[in-house]
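Below is a short briefing on one protein model, for reading alongside its sequence and coordinates. Please keep both in view while going through the points.

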Amino acid sequence: MKTQVMTFKINKPYEHWEKNFDSHKEAQASAGMTPLYRGRSEDDPQKVCIVVRIIDEDKAANFMEEHKEDILESGHMLETTEQSVYLG
């Protein structure tokens, strides 16, 4: 099992992004993704951090591609995404 940490900027209110993110729990689970944490930066309300347990990086990448339009609509600015994957 791996843990993925992602940070990125949003261009819509955090509450809008959060509602969109939470609405995909079933699809996330089907892709082998289990969200552990989501929140915004204390210093920058447009910066978001999510921590997700993933079974398979390819499935997680496929999820992102399949739901790209929803992700963009949420306000997630894909070009600002930074991610790291940890084992354990």
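Histidine 76 is found in strand β4 (residues 76-87); helices (H or I, at least four residues) and strands (E, at least two) are DSSP runs, numbered from the N terminus. This is a predicted model, in which local features need pLDDT of at least 70 and side-chain atom pairs count only at pLDDT 80 or more, while totals for chains, interfaces and linings use all residues. Residues are numbered from 1 along each chain as its sequence is written, and side-chain values use heavy atoms, with hydrogens and water left out.

**Histidine 76**

- With 5% relative accessibility, histidine 76 counts as buried; buried means under 20% relative accessible area, exposed over 50%, and partly exposed in between (1.4 Å probe, protein chains only).
- Not counting residues up to four places away in sequence, histidine 76 touches Met6, Phe8, Lys9, Ile10, Met64, Ile71 and Thr81, where contact means heavy atoms within 4.5 Å.
- Histidine 76 and tryptophan 17 are 59 residues apart along the chain, and their C-alpha atoms are separated by 7.3 Å.

**Helix α1**

- Helix α1 covers residues 14-22, and its buried residues are Tyr14, Trp17, Asn20 and Phe21.
- Viewed down the axis of α1, these buried residues fall within an arc of 130°, so they line one face of the helix; the arc is that of the directions from the helix axis to the C-beta atoms.
- The elements that the buried residues of α1 pack against are β1 (2-10), α2 (25-30), β2 (33-40), β3 (47-54) and α4 (68-73).

**Aromatic pairs**

- Three aromatic pairs are found in a search of the whole structure. Rings of Phe, Tyr and Trp (its six-membered ring) pair if their centres lie within 6.5 Å; planes under 30 degrees apart count as stacked, over 60 as edge-to-face and the rest as tilted.
- The ring centres of tyrosine 14 and tryptophan 17 are 5.6 Å apart with the planes at 35°, so this pair is tilted.
- Both tyrosine 14 and tryptophan 17 lie in helix α1, three residues apart, about one turn of the helix.
- For tryptophan 17 and phenylalanine 21 the ring centres are 5.0 Å apart and the planes at 25°, so this pair is stacked.
- Tryptophan 17 and phenylalanine 21 are four residues apart in helix α1, again about one turn of the helix.
- Tryptophan 17 is buried at a relative accessible area of 3%, and phenylalanine 21 is buried at 12%.
- One aromatic cluster is formed by Phe8, Tyr14, Trp17 and Phe21.

**Nonpolar core**

- The largest nonpolar core has 14 residues, and those with the most contacts inside it are Phe8, Ile10, Trp17, Met33, Val48 and Ile50. Such a core is a set of buried Ala, Val, Leu, Ile, Met, Phe, Trp, Tyr and Cys residues joined through side-chain atoms within 4.5 Å.
- At least two residues of this core come from each of β1, α1, β3 and α3 (57-66).
- Strand β3 supplies the largest share of this core, four residues.
- Leaving out residues up to four places away in sequence, isoleucine 10 touches Trp17, Pro45, Gln46, Val48, Gly75, His76 and Met77.

**Glutamine 4**

- Glutamine 4 is placed in strand β1 and is buried, with a relative accessible area of 9%.
- The side chains of glutamine 4 and glutamine 83 make a polar contact (2.7 Å). A polar contact is a pair of N or O atoms within 3.5 Å; within protein, one must be able to donate a hydrogen and the other to accept it, and residues adjacent in sequence count only if both atoms are side-chain atoms.

**Salt bridges**

- The count comes to six salt bridges, each being a side-chain nitrogen of Lys or Arg within 4 Å of a carboxyl oxygen of Asp or Glu.
- Lysine 2 and glutamate 57 meet through their side chains in a salt bridge (2.6 Å, N to O). This pair links distant parts of the chain, with lysine 2 in strand β1 and glutamate 57 in helix α3, 55 residues apart.
- Lysine 2 is partly exposed at a relative accessible area of 26%, and glutamate 57 is partly exposed at 37%.
- Aspartate 44 and lysine 9 form a salt bridge, with the closest N and O atoms 2.3 Å apart. Aspartate 44 is in the loop between β2 and β3 and lysine 9 in strand β1, 35 residues apart.
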